[in-house]
Amino acid sequence: QPFCDGSHAGTKFTPMVWTATASETKYFCACKQAGAAPFCDGTHQQMPEDAAGKAFEPKSFLKPEAKTEPSVQAAAAAEPKQEVQIEDADKVVCAKRAPIAVDVKEGQTYYWCTCGKSKTQPFCDGAHVGTKFTPTAWTAPASETKYFCACKQSASAPFCDGTHKQMPEDAEGKAFAPLSFKKPEPKPEAPKQEVQIENADKVVCAKRAPVPVDVKAGETYYWCTCGKSKTQPFCDGAHVGTKFTPTAWTAPASETKYFCACK
């Protein structure tokens with residue numbers, strides 16, 4: 001797998017021929033249910049966990065809105081899956097100006113959408129077929145909640161690093177050059193955190209006082225839990241590599257809230 005060894009002899013099946021247009025890494029479908037065959041479009045995530053080795057009707061796990069593409073050529077020629085028309089194929093679409101929380105399972109591999117055109121965000125559905133983009137594979141080391149980047153501008157992909165806050169409020173659905181909102185690199189001599197932490201299980205007291213913020217009704221905020229963020233009281237991705245994750249909170253009303261900064 002994923003290639004033919006002649007086992008289909010005597011059946012109605014025949015192998016699909018595909019010629020590589022460039023030297024690159026491609027993710028081939030192994031569940032045999034993809035609507036973007038021969039490439040993975042994330043359909044395997046709809047299948048039972050014990051599906052490996054079992055037989056199913058072809059395309060029986062495709063979502064209702066998914067289009068069945070009989071060949072790679074048809075997929076490339078089909079109408080775009082993303083409603084927004086993108087003139088520059090090198091740009092990525094901001095699928096959402098906020099991270100997407102996912103309860104991942106230990107040992108399961110997830111394929112993060114890099115182009116922003118997938119309709120199963122934050123994961124790939126094959127919408128990148130015919131472009132230079134390929135999904136990013138990530139295997140969960142533990143069962144936990146992870147915050148995946150949906151703006152497609154994170155420098156800590158596939159996870160959110162707070163970059164979406166630098167983007168225009170109407171960014172959703174628009175195309176931008178990758179990493180075009182990346183903050184300038186910090187000076188080498190300036191450490192990220194002034195306080196040295198020997199125990200990774202400890203949190204830093206960012207400030208011995210609350211931080212007032214005029215929040216907007218309906219907007220989701222990601223409160224820093226580690227204390228190392230430089231955009232207090234909110235997360236800037238400084239927790240990456242630790243056990244900490246930001247706390248998501250959606251404002252029920254537009255008002256001033258006093259966020260904890262001592263952690």
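Helices (H or I, at least four residues) and strands (E, at least two) are DSSP runs, numbered from the N terminus. With that convention, the elements of this protein run α-β-β-β-β-β-β-β-β-β-β from the N terminus on, which amounts to 1 helix and 10 strands.

The model is a predicted one, in which local features need pLDDT of at least 70, side-chain atom pairs count only at pLDDT 80 or more, and totals for chains, interfaces and linings use all residues. Residues are numbered from 1 along each chain as its sequence is written, and side-chain values use heavy atoms, with hydrogens and water left out.

**Whole protein**

Begin with the complete protein in view. Of its 263 residues, 35% are buried; buried means under 20% relative accessible area, exposed over 50%, and partly exposed in between (1.4 Å probe, protein chains only). The protein exposes about 15,800 Å², and carbon and sulfur atoms supply 52% of this area. Accessible areas come from the Shrake-Rupley method with a 1.4 Å probe; for residues, only the protein chains shown count as cover. Among contacts (heavy atoms within 4.5 Å) with a separation of 6 or more, 63% join residues 24 or more positions apart.

**The segment before helix 1**

Select Pro 15, which is found in the segment before helix 1. Its relative accessibility is 46%, so Pro 15 counts as partly exposed. Leaving aside residues up to four places away in sequence, Pro 15 touches Cys 4 and His 8.

The peptide bond leading from Ala 37 to Pro 38 is cis, with omega near 10 degrees. Pro 15 and Pro 38 are 23 residues apart along the chain, and their C-alpha atoms are separated by 10.0 Å.

Then select Lys 26 and Phe 39. The charged end of Lys 26 sits over the ring of Phe 39, 4.5 Å from its centre. A charge sits over a ring if NZ of Lys or CZ of Arg is within 6 Å of the ring centre and within 35 degrees of the ring normal.

**Aromatic rings**

A search of the whole structure finds 18 aromatic pairs. Rings of Phe, Tyr and Trp (its six-membered ring) pair if their centres lie within 6.5 Å; planes under 30 degrees apart count as stacked, over 60 as edge-to-face and the rest as tilted.

Display Phe 148 and Phe 159: their ring centres are 5.3 Å apart and their planes meet at 45 degrees, so the pair is tilted. Phe 148 lies in strand 5 and Phe 159 in the loop between strand 5 and strand 6, so the pair ties together parts that are 11 residues apart in sequence. Both Phe 148 and Phe 159 are buried. Lys 146 lies over the face of Phe 159, at 4.5 Å from the ring centre.

**Two further stops**

Move to Lys 152, in the loop between strand 5 (144–148) and strand 6 (175–176). Although Lys 152 is not a glycine, it has a positive phi of about 65 degrees. At 6% relative accessibility, Lys 152 counts as buried.

Finally, select Pro 233, in the loop between strand 8 (220–223) and strand 9 (247–250). The peptide bond from Gln 232 to Pro 233 is cis, with omega near 10 degrees.
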